[in-house]
Amino acid sequence: MREVVIGLLGAGNVGGGVVRILQENQADIERRLGASVRVKKLLVRSVDGDRDDSVPRHLLTTDPREILEDPEIRIVVELMGGIEPALTMVLDALGRSKHVVTANKALMATHGEQLFSEAQRRGVSINFEAAVAGGIPILRALREGLASDRIERITGIVNGTCNYILDAMSRTGAAYEDALKAAQDAGFAEADPALDVGGGDAAQKLSLLALLSFGQRVDPEAIPTEGITRVRAFDIAAADGLGYVIKSLAEARQTPEGPALRVHPVLVPKEHILATVRGSYNAVLVESRAMGRSLYHGRGAGPMPTGMAVVSDIIELCRHMFAFDAGRPPPEAFATVETATPISLDEVAHENYLCVHVTNVPGILGRVASCLGRHGVSVKRLEQELGGVGDPVDMVVVTERVPESNVRSAVAEIDGFDEVLAPSHRFRIQGPDGAE
Ligand code: HSE
């Protein structure tokens, strides 16, 4: 099988995520690409540092030349963050006609033009999906999915640390310092948290969103930016009483006078879709002329979501590289596709809502309940409409999570009872968020 050799500049939180995704999803990645991806070297400041167990110690180096000057390495993945030495190394890699993947929003927001033109000149690509909103494929959506539309406005929660802090303060009454500490422990706060809570991180991301939405480069330093440090528990409680939650939003829109960009805390009506974004989650609401409103929601930070976005960029680059080498268009999502049959619904378990229309005679409730029991259907809740003896009434049952086939056979038997006046109505109940 063909092999693509890559080198990582940086092996911290995100680097650990990248290595883990490459290891854990190796078989899937190989099926998608028809090739394997091998990490040859990882640049670190010190080989003795604390890092993810997945990072192989024998591949660590403190010498960037071992990556930049290795002709076998075709893709350089920059995960150091900050401007220097990342800029010099990325320019060096592009100068040697290596493709680059980076998660570095500061670098792309401030030196994007220079890097794009160097990449163009050398006939290589620079991908940076992970730089904005971590794992959410928002740049890909803007560049490809919405490429034919006119973007009018983008409103985003693009800093997970700020959202985590504000959400914890408003939902649990947590103190600002404790919430910030939890964000740092979870590995999604910047090394310098002033970048998060001061709004600078969101301004860099907004600058990149504006670039891909409007084709205009705006210096992040020129974006009116306010942090969340002035938001007090009192403001959050007062806003709550008025029907609002406080969120830190980044907004970019087009006006006849030019692009209007801003990052600051704002009172958002509780029924607004962005008001429901919890914890460290990010969300980007795009308003575009043909599509209308579309929402991109997910984990905007953390080693695994960000690592996933980096690896997806690597996969995309590989596809284009192979196509270019072979002189034909890139393959579809998978290099090889297998034929599969979906499993039968009978094997799927879920809760159910059941409405049985019966004649209200003594014992009917017991008959329905015991029939359900005989078929292995456990009842969570059972209510019967008020009605006199002999009246038609509705009996509503909520079942526990049971296999489909049990519910089906129970309902078939119940519908055969003389007292049942019409076929029962049954709907499946969706499990809570995150459940099957
Ligand atoms: N510090 C950033 C955040 C990490 O909290 O969103 C992802 O860019």
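A nonpolar core is a set of buried Ala, Val, Leu, Ile, Met, Phe, Trp, Tyr and Cys residues joined through side-chain atoms within 4.5 Å. The model here is predicted. Its largest nonpolar core has 51 residues. Within that core, Leu115, Val132, Ile138, Leu142, Leu208, Leu209 and Val286 touch the most other members. Helix α10, residues 200-214, gives the largest share, 8 residues.

Take Leu209 as a way in. Leaving aside residues up to four places away in sequence, Leu209 touches Val132, Ile138, Leu139, Leu142, Ile154 and Val158.

Next, the backbone. Ala133 sits in the loop between β6 (126-127) and α6 (138-145). Its phi is near 60°, a positive value in a residue other than glycine. Is Ala133 buried or exposed? Ala133 has 0% relative accessibility, so it counts as buried.

Ser97 also has a positive phi, of about 60°, although it is not a glycine. This serine lies in the loop between α4 and β5 (99-102). Its relative accessible area is 41%, so Ser97 is partly exposed.

A cis peptide bond joins Glu84 to Pro85, with omega about 5°.

Ser46 belongs to another loop, between β2 (35-43) and β3 (60-61). Its relative accessibility is 34%, so Ser46 counts as partly exposed. Which residues does Ser46 touch, not counting residues up to four places away in sequence? They are Arg51 and Thr62. The C-alpha atoms of Ser46 and Thr61 are separated by 8.0 Å, with the two residues 15 apart along the chain.

Finally, the surface. Leu242, Tyr244 and Leu267 form a nonpolar patch there. Together they have about 290 Å² of accessible area. Leu242 lies in helix α11, residues 233-242. With a relative accessible area of 62%, Leu242 is exposed, because the cut-off for exposed is over 50%.

Technical notes. Residues numbered from 1 in each chain as written. Predicted model: local features only at pLDDT ≥ 70, side-chain atom pairs only at ≥ 80, totals over all residues. Heavy atoms only, no water. Buried < 20%, exposed > 50% of the residue type's maximum accessible area, 1.4 Å probe, protein only. Helix = DSSP H or I, 4+ residues; strand = E, 2+ residues; numbered from the N terminus. Contact = heavy atoms within 4.5 Å. Patch = residues over 30% accessible without salt bridge, like charges linked within 9 Å, V, L, I, M, F, W, Y side chains within 5 Å. Areas by Shrake-Rupley, 256 points an atom, 1.4 Å probe, with all protein chains shown as cover. Salt bridge = Lys/Arg side-chain N within 4 Å of Asp/Glu carboxyl O.
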